[in-house]
Amino acid sequence: MAGSAPGGGRPLIITEDPLLLDDLLRLCAAAGAEPHVRHTVPGQGGAVGTGVEAGNAGWESAPLVLVGDDAARRVRGAPRRAGVFLVGRDLDDPHVWQRAVEIGAEEVLRLPDAESRLVDRIADVVEGAGRPALAVGVIGGSGGAGASTLACALAVRAARAGERTILIDGDPLGGGMDVLLGGESAEGLRWPDFAASRGRVGAGALEESLPELHDLRVLSWDRGDRVVVPPAAIRSVVAAARRRGGVVVVDLPRRVDEPVAEVLAQLDLVLMVVPGELRAVAAAGRVAAGVRMVARDVRVVVRGRCPGGLEPESVADLLGAPLAGEVPVEVGLPGRVAEGEPPGTQAKGALARFCDGFWQRALGSAQGVPA
């Protein structure tokens, strides 16, 4: 999960240029940051100080240092560290890259062109952005495959394992994941509330605005007529969910249009749920073709076995995708869901066992989901 940034999440600005300082203060405000400002280089005798001095962030302790181009030469002797950016307003200066190398800057940001990039970087510090969430999508290879049930169960089991979890309903025609969780009347924002979102969405603000059900946050659709959210808004919301860390599970529709492609592009893994019979596999092949155009990693989950049906390995081979596992049909599950008990709640059930095993493998890998 994402931890708190060092230095209290407050960037350090070093510049004596009043116009540049005004720009940087404005951009910090847009990112929700209150920076420390040094009009001169911190430390005595013109040398850059370290640690925290007089309650202000020093060169080494600040989580992010924004060095004005006017101050670059005066900080050349500072200790090398990550998170230093050289910021200027002269777009035609041919020597700016040399000065960036001299101070060990990660990047040169020229205003106003790099304003959005700089706001994003500052906001990452404010939010304590660390390792992004492991983002898993679930899609049905055929109608009635049980993808929404599996998505819900994955989210429930991740939350019960102590992971910060956000469940996103990516299917406006699916009836609502909040309903599946028994929380259709829970207070909080739904997808239509984000339709006008532009630019960056705050990760913390997003999480706090969503309904909390069964120890997880859920972004679902409401019962209104709106079934379309602009792709740019979807991109911003999913990116914000990922920046919060932990786990993000997305229930996907079987079509791959522009909004769905925006989601697929941000997922680490897509699980395609396919019943073990030939007609379902044929339908799943068409769905897989569309998903593979955007998704980086698609794997098969075989749901149940039909008499005379295909073996799980055969289903995966026919679809040309790795097998993520098999989920047997869980007796009594529909009745329990109808009574308000979400999928995955029964710890000894087949669905919960599959999900627990999946998360143990996925979250145990430092690189994400293992092969």
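Q: What counts as a helix or a strand here, and how many of each are in the chain?
A: Helices are DSSP runs of H or I with at least four residues, and strands are runs of E with at least two. In this predicted model, the chain has twelve helices and 15 strands.

Q: How confident is the predictor in the chain, and where is the pLDDT under 50?
A: The mean pLDDT is 87, and 90% of the residues reach 70 or more. Residues 44–56 stay under 50, and the model gives them 29 contacts beyond four places in sequence. Residues 366–371 are also below 50, with 14 contacts beyond near neighbours in sequence. Where pLDDT is low, the predicted coordinates should not be read in detail.

Q: Why is Ser-236 called buried?
A: The cut-off for buried is under 20% relative accessible area. Ser-236 has 12%, so Ser-236 is buried. Ser-236 sits in helix α7, residues 231–243. Beyond neighbours within four places in sequence, Ser-236 contacts Gly-199 and Val-201.

Q: Why is the pair of Trp-191 and Trp-221 called tilted?
A: The structure holds two aromatic pairs, and Trp-191 with Trp-221 is one of them. Ring centres must lie within 6.5 Å to pair, and planes count as stacked under 30 degrees and as edge-to-face over 60. Here the centres are 6.0 Å apart and the planes stand at 35°, so the pair is tilted.

Q: What makes this pair a tie between parts of the chain?
A: Trp-191 lies in the loop between α5 (177–180) and α6 (203–209), and Trp-221 lies in the loop between β11 (216–219) and α7, so the pair ties together parts that are 30 residues apart in sequence.

Q: Why is the pair of Phe-358 and Trp-359 called edge-to-face?
A: The planes of Phe-358 and Trp-359 stand at 65°, with the ring centres 5.0 Å apart, so the pair is edge-to-face. The angle needed for that name is over 60 degrees. Phe-358 has 4% relative accessibility and so counts as buried. Trp-359, with a relative accessible area of 5%, is buried as well.

Q: Why are β2 and β7 the edges of their sheet?
A: The sheet is open and has five strands in the order β2-β1-β5-β6-β7, with parallel pairing. β2 (36–38) and β7 (107–110) each have a single partner strand, so one side of each is left without a neighbour in the sheet. Neighbouring strands of this sheet are turned by 25° against each other on average, direction ignored.

Q: How do you know that β1 and β2 pair?
A: Pairing needs at least two bridges. Strand β1, residues 12–14, and β2 have three bridges, in the parallel sense. Among the residues involved, Ile-14 has Arg-38 in β2 as its bridge partner.

Q: Which strands does helix α1 lie across?
A: Helix α1, residues 18–30, lies across β1, β2, β5 (65–68) and β6 (84–88). The helix runs at about 165° to β1.

Conventions: Residues are numbered from 1 along each chain as its sequence is written. This is a predicted model: local features need pLDDT of at least 70, side-chain atom pairs count only at pLDDT 80 or more; totals for chains, interfaces and linings use all residues. Side-chain values use heavy atoms; hydrogens and water are left out. pLDDT is the predictor's confidence in each residue, from 0 to 100. Contact means heavy atoms within 4.5 Å. Buried means under 20% relative accessible area, exposed over 50%, partly exposed in between (1.4 Å probe, protein chains only). Axes are lines fitted to C-alpha atoms, for helices over the stretch in contact, and angles run from 0 to 180 degrees between N-to-C directions.
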